[in-house]
Amino acid sequence: MIVIPFKGSHIDAMADFAGQAWMEAHFGSQDPRALARLGPAFSGAVGGAIIGCAGLIMAHEQRAIAWALFTAQAAKHFLSVHRAVKTFLDRQSIRRIEAYVDCDFDAARRWVGKLGFSMELERMRHFLPDGRDASCWVRLSECS
């Protein structure tokens with residue numbers, strides 16, 4: 001997998017959203033250029049095909065919300081995906097990064113833990129766009 005600068009059109013270029021298919025309507029309804037303006041982001045490509053996009057939505061200078069979307073092909077490249085996301089997060093100088101994870105998506109909950117997040121809230125009812133419950137995870141840094 002190669003890491004490339006994120007473009008909003010990369011979301012539309014992804015063939016599927018794998019286990020995140022329920023998010024397609026949410027992300028697809030947004031102006032794809034908007035995510036590129038909301039904070040730093042990157043995409044991962046294999047053989048010219050986009051297999052995932054990840055980034056941050058800046059709430060303010062000290063707080064951001066992490067987001068990531070992957071295709072089914074991303075699982076085959078999980079180690080590369082993990083390293084790219086971890087490196088991206090480690091390079092940020094933001095004190096608080098939040099990630100909201102579907103309570104029923106155990107693999108995602110394990111993964112955010114391995115990325116250095118800790119659970120702050122176990123369940124936020126009806127939090128996600130389709131009404132699913134989510135947990136809130138945070139990654140804190142002493143960077144200023």
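Beyond residues up to four places away in sequence, R96 touches Q62, R63, A64, E120, V138, R139 and L140, where contact means heavy atoms within 4.5 Å. The model is predicted: local features need pLDDT of at least 70, side-chain atom pairs count only at pLDDT 80 or more, and totals for chains, interfaces and linings use all residues. Residues are numbered from 1 along each chain as its sequence is written, and side-chain values use heavy atoms, with hydrogens and water left out.

R96 belongs to strand β5 (residues 96–102). Helices (H or I, at least four residues) and strands (E, at least two) are DSSP runs, numbered from the N terminus. The R96 side chain makes a polar contact with the side chain of E120, at 2.5 Å. Such a contact is a pair of N or O atoms within 3.5 Å; within protein, one must be able to donate a hydrogen and the other to accept it, and residues adjacent in sequence count only if both atoms are side-chain atoms. R96 is partly exposed, at 21% relative accessible area. Buried means under 20%, exposed over 50%, and partly exposed in between (1.4 Å probe, protein chains only). H60 is 36 residues from R96 along the chain, and their C-alpha atoms are 10.0 Å apart.

H10 sits in helix α1 (residues 9–13). Its relative accessible area is 10%, so H10 is buried. Neighbours within four places in sequence aside, H10 contacts I4, P5, S43, I50 and C53.

C103 is buried, at 7% relative accessibility. C136 is also buried, at 4%. The whole structure contains zero disulfides, defined as pairs of cysteine sulfur atoms within 2.5 Å.
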